Amino acid sequence: MDLAYIPSPSTGVIDLGPIPLRGYAFCIIIGVFVAVWFGNKRWVARGGRSGTVADIAVWAVPFGLVGGRLYHVITDYQLYFSEGENWVDAFKIWQGGLGIWGAVALGAVGAWIGCRRRGIPLPAWADALAPGLAFAQACGRWGNWFNQELYGKATDVPWALKISEGPNRVAGTYHPTFLYESLWCVGAALLVIWADRRFKLGHGRVFALYVAAYCAGRAWIEYMRVDEAHHILGLRLNVWTALIVFVLAVAYFVISAKVRPGREEIVEPGAAEEAAAAVEAAKDGEGVEGVETAKGTKASKETKASTTAEGGADKASKKAPGADGDAGPADAVKTSEKNDTAETAKKG
């Protein structure tokens, strides 16, 4: 009796009225959003414009989806073109079946087109996107959980994946290879982020490191799977693909480091100038505001001084009547007394 296991969903589709929400497609969409969002943050940090990653992704994503589906259909053609199968199912991408190798290869073609249109180097853009792409794969692998596919060998470990009876599958508990690969992709993303910060990688070496790290994990995870696949010299086709791509990625990393050491100083022409102009404009705005503030302060001081002077004059007028040349009350009394004395003297 299994005491613990990871349950599989009873269905991979949730009907929202007439609209079916498929778990596999939902995971892919989340992955694309994560890759673009995180890639944009890294691109801006490298000195590029915000939004450039998304603009190029408009080209890369459709190419990647087509490439991923083509790789899957070509390498598993028996699922669609053998006797008793319906070739139309090859277009039903929502039922699962995307090969990461084809997705990256043809997606790179779309990205190259987008980069050419924007006048930026593809390696720099790929370096910015690399960790986000690994996170996207981690999200996308959960689509296999919704479809109850691509699991590993039978096992009774506590984290085993429970699979229900269905077409081309036997009920039981199996290694959750989708989970292993998802966690491996997260680890690869964190490794790439650390290495990029530590060694200031550039010219496509961040992307090469991501590819090498992913392939290293994919090789042993693929070896655990039990779904039908073509074998060459006793190894699954995808195992050979992972080994070959791993060697190519490492070779590129080493050669690139010798030929083009360091990191690109400019990744998007004009972006640095625009950023500098924005900073200067902000400084100018602060300067104008400071001048206006100073003028306001000066005017306030002058107004205060004028008010103080007028108040002092009023006080002086009250304390010293007649100061303006007019006779005050006391002066008038003294003048009257003098006149009376003079009149008395004349009469006497």
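I began with Gly97, which counts as buried because its relative accessibility is 10%, where buried means under 20% relative accessible area, exposed over 50% and partly exposed in between, with a 1.4 Å probe and protein chains only. The model I am reading is predicted, so local features need pLDDT of at least 70 and side-chain atom pairs count only at pLDDT 80 or more, while totals for chains, interfaces and linings use all residues. Residues are numbered from 1 along each chain as its sequence is written, and side-chain values use heavy atoms, with hydrogens and water left out.

**Gly97, continued**

I placed Gly97 in the loop between helix 3 (78-81) and helix 4 (100-118), with helices taken as DSSP runs of H or I of at least four residues and strands as runs of E of at least two, numbered from the N terminus. Not counting residues up to four places away in sequence, I found Gly97 touching Tyr24, Gly68, Arg69 and His72, a contact being heavy atoms within 4.5 Å. I also looked up the pair Gly97 and His72, which are 25 residues apart in sequence and 5.9 Å apart in space, C-alpha to C-alpha.

**Whole protein**

I noted eleven helices and six strands in the protein, and 36% of its 348 residues count as buried. Among contacts between residues at least 6 apart in sequence, 71% join residues at least 24 apart.

**Arg46**

I then turned to Arg46, in the loop between helix 1 (23-45) and helix 2 (52-75). Is Arg46 buried or exposed? Arg46 counts as buried, at 13% relative accessibility. Leaving aside neighbours within four places in sequence, I listed its contacts as Asp127, Leu201, Arg263, Glu264 and Val267.

Two packed helices are described by the angle between their axes and the distance between the axes. The axes I used are lines fitted to C-alpha atoms, for helices over the stretch in contact, and angles run from 0 to 180 degrees between N-to-C directions.

For helix 5 (residues 122-140) and helix 8 (residues 205-224), I recorded a packing angle of about 25 degrees, with the axes 7 Å apart. That makes helix 5 roughly parallel to helix 8, since angles under 35 degrees count as roughly parallel, over 145 as roughly antiparallel, 65 to 115 as roughly perpendicular and the rest as oblique. The crossing of helix 5 and helix 8 is left-handed, which applies if the near helix is turned anticlockwise from the far one by less than a right angle, and right-handed if clockwise. On the helix 5 side I found Ala126, Asp127, Ala130, Leu133, Ala134 and Gln137, which meet Arg205, Val206, Phe207, Tyr210 and Tyr214 in helix 8. The residues of this contact divide into eight nonpolar, one polar and two charged, with Ala, Val, Leu, Ile, Met, Phe, Trp, Tyr, Cys and Pro counted as nonpolar, Asp, Glu, Lys and Arg as charged, and the others, Gly among them, as polar.

For helix 5 and helix 7 (residues 177-199), the axes come within 8 Å and cross at roughly 170 degrees, and that makes the two roughly antiparallel. I read the contact as Pro131, Ala134, Phe135, Gln137 and Ala138 of helix 5 with Ser182, Cys185, Val186, Ala189, Leu190, Val192 and Ile193 of helix 7. Its residues divide into ten nonpolar, two polar and no charged.

**Cysteines**

I looked next for disulfides, a disulfide being a pair of cysteine sulfur atoms within 2.5 Å, and the count came to zero. Cys27 is in no disulfide, and its nearest cysteine sulfur, that of Cys139, is 7.7 Å away. Cys27 is buried, with a relative accessible area of 7%, and Cys185 is buried, with 1%.

**Positive phi**

Most residues other than glycine have a negative phi. I therefore noted Leu150, which is partly exposed at a relative accessible area of 22% and has a positive phi near 55 degrees. Leu150 sits in the loop between helix 6 (142-147) and strand 3 (161-163). Asn168, not a glycine either, has a positive phi of about 60 degrees. I found Asn168 in the loop between strand 3 and strand 4 (172-174), and Asn168 is exposed, with a relative accessible area of 83%.
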